[in-house]
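Please read them with the structure open beside you.

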Amino acid sequence: MARPTRAVIDLTALAHNARLIRSLAKSRRVMAAVKANAYGHGVLSCARVLAPHVDALAVAFLDEAHTLREAGIDLPVLVLEGPMSRDEIGDFRQLDLWPVVHRAEQLRWLEQAAGGWPGQLWLKVDTGMHRLGLDIAELPAAIERAQKLAPNRVTLMSHLALASEPEHALSQRQLARWQGIIDAVDMPTSLLNSAAMLQTLDDSAHWVRPGYLFYGGVPDNLSTSLDLQPVMRLESAVIAVRQIAVDENVGYGGRWRAVRDSRIATIPIGYADGYPRSARDGTPVKVGSAIVPLAGRVSMDMITVDITDHPSADVGTPVLLWGATPTIDQVADMADTIGYELTTRITQRVPRCEIAAHDRA
Ligand SMILES: *Cc1c(COP(=O)(O)O)cnc(C)c1O
């Protein structure tokens with residue numbers, strides 16, 4: 001029998017989440033972030049499931065948009081980092097992509113292209129995250145040029161650095177700047193990502209741009225009454241069980257020490273599969289129907305857990321690393337990271353298995 005480790009992608013859950021997000025967005029248009037292979041979930045399958053529920057998709061750079069177009073996905077696609085060089089403008093045009101313009105030189109490339117720019121374009125303004133975007137001071141001139149290049153086809157966007165804390169001074173500063181900007185213009189706008197959508201932000205913007213919520217995660221431990229369902233389930237099974245005496249240690253470096261006679265189960269998933277090496281002892285793992293603690297360092301190919309209190313667990317018992325419980329966000333917390341990093345880092349050697357939108361058990 002093959003190694004039991006696999007990532008199950010539940011496309012019914014994705015469709016379910018998409019319907020919830022659609023209603024949360026009310027009348028705003030919805031753009032789904034599917035960059036990084038749909039946060040590691042498989043971009044083509046996800047895009048096809050999302051298509052009836054969203055107005056557009058967002059990717060990070062041109063190659064990711066190519067993948068969508070080559071597969072025949074014809075939804076509008078926003079390219080969040082815009083063209084990297086003048087050479088890319090032809091592809092943007094041919095593939096009918098929406099570029100984000102975050103610096104003035106990109107606008108010049110579009111202006112100088114033969115035939116101008118026939119499609120949509122999004123102008124990004126830096127309101128305080130200081131990663132990407134035009135300075136506020138250069139915005140009026142950029143808007144004027146963009147409007148001339150693409151009359152009534154320009155959307156203004158910005159991005160929040162701490163969307164889960166709208167009351168924080170950093171957010172307040174960004175929100176105040178954003179409000180000042182959008183009050184002065186007459187064009188479609190877009191600000192909110194997943195975390196921002198879970199806040200009671202009064203957002204008059206035309207577009208929302210969530211990503212993580214679609215995949216069923218909840219950013220930054222925000223509370224939500226939305227019944228989001230995890231799209232990824234990371235599964236395996238126990239391959240070895242042993243009894244160890246009190247004071248024995250488990251795994252590399254002997255990090256975990258038995259404080260009583262203990263039963264240890266070994267599970268064939270490790271950091272080479274994308275299970276985070278930074279996971280601390282106590283990270284929750286579901287073995288059978290019980291949640292048990294990780295015991296010892298994550299190895300390249302295996303982890304060990306303490307099943308002393310669950311005598312029915314044995315070789316072959318099914319294991320859930322993340323999914324409904326524990327959630328990916330709980331695991332991420334115990335590994336000092338975020339669920340986004342965990343789903344995007346599942347490696348090639350983990351087989352993926354999709355549950356189609358119509359055949360969920
Ligand atoms: C990735 C991304 C999003 C979506 O972020 P989530 O936290 O997944 O909702 C929105 N806007 C921009 C600019 C992004 O890069």
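1. Aspartate 247 is partly exposed, at 48% relative accessibility, where buried means under 20% relative accessible area, exposed over 50% and partly exposed in between, taken with a 1.4 Å probe on the protein chains only. Aspartate 247 sits in the loop between strand E11 (240-244) and strand E12 (249-250), and has a positive phi of about 80° although it is not a glycine. Helices (H or I, at least four residues) and strands (E, at least two) are DSSP runs numbered from the N terminus.

2. On the source: this is a predicted model, in which local features need pLDDT of at least 70 and side-chain atom pairs count only at pLDDT 80 or more, while totals for chains, interfaces and linings use all residues. Residues are numbered from 1 along each chain as its sequence is written, and side-chain values use heavy atoms, with hydrogens and water left out.

3. Asparagine 152 belongs to the loop between helix H7 (139-149) and strand E7 (154-157), and counts as exposed at 76% relative accessibility. Most residues other than glycine have a negative phi, and most peptide bonds are trans.

4. A cis peptide bond, with omega about -5°, joins threonine 325 and proline 326. Proline 326 is placed in the loop between E18 and helix H10 (328-334).

5. The count of aromatic pairs comes to seven, under a rule that pairs rings of Phe, Tyr and Trp (its six-membered ring) if their centres lie within 6.5 Å, with planes under 30 degrees apart called stacked, over 60 edge-to-face and the rest tilted. One of them is the tilted pair of tyrosine 39 and tyrosine 340, at 5.7 Å centre to centre and 35° between the planes. Tyrosine 39 lies in helix H2 (residues 35-40) and tyrosine 340 in helix H11 (residues 339-344), so this pair ties together parts that are 301 residues apart in sequence. Tyrosine 39 is buried at 6% relative accessibility, whereas tyrosine 340 is partly exposed, with a relative accessible area of 26%.

6. Tyrosine 275 and tryptophan 322 form a stacked pair, 6.2 Å centre to centre with 15° between the planes. Tyrosine 275 lies in the loop between strand E14 (262-267) and strand E15 (284-287) and tryptophan 322 in strand E18 (residues 318-322), so the pair ties together parts that are 47 residues apart in sequence. Both tyrosine 275 and tryptophan 322 are buried.
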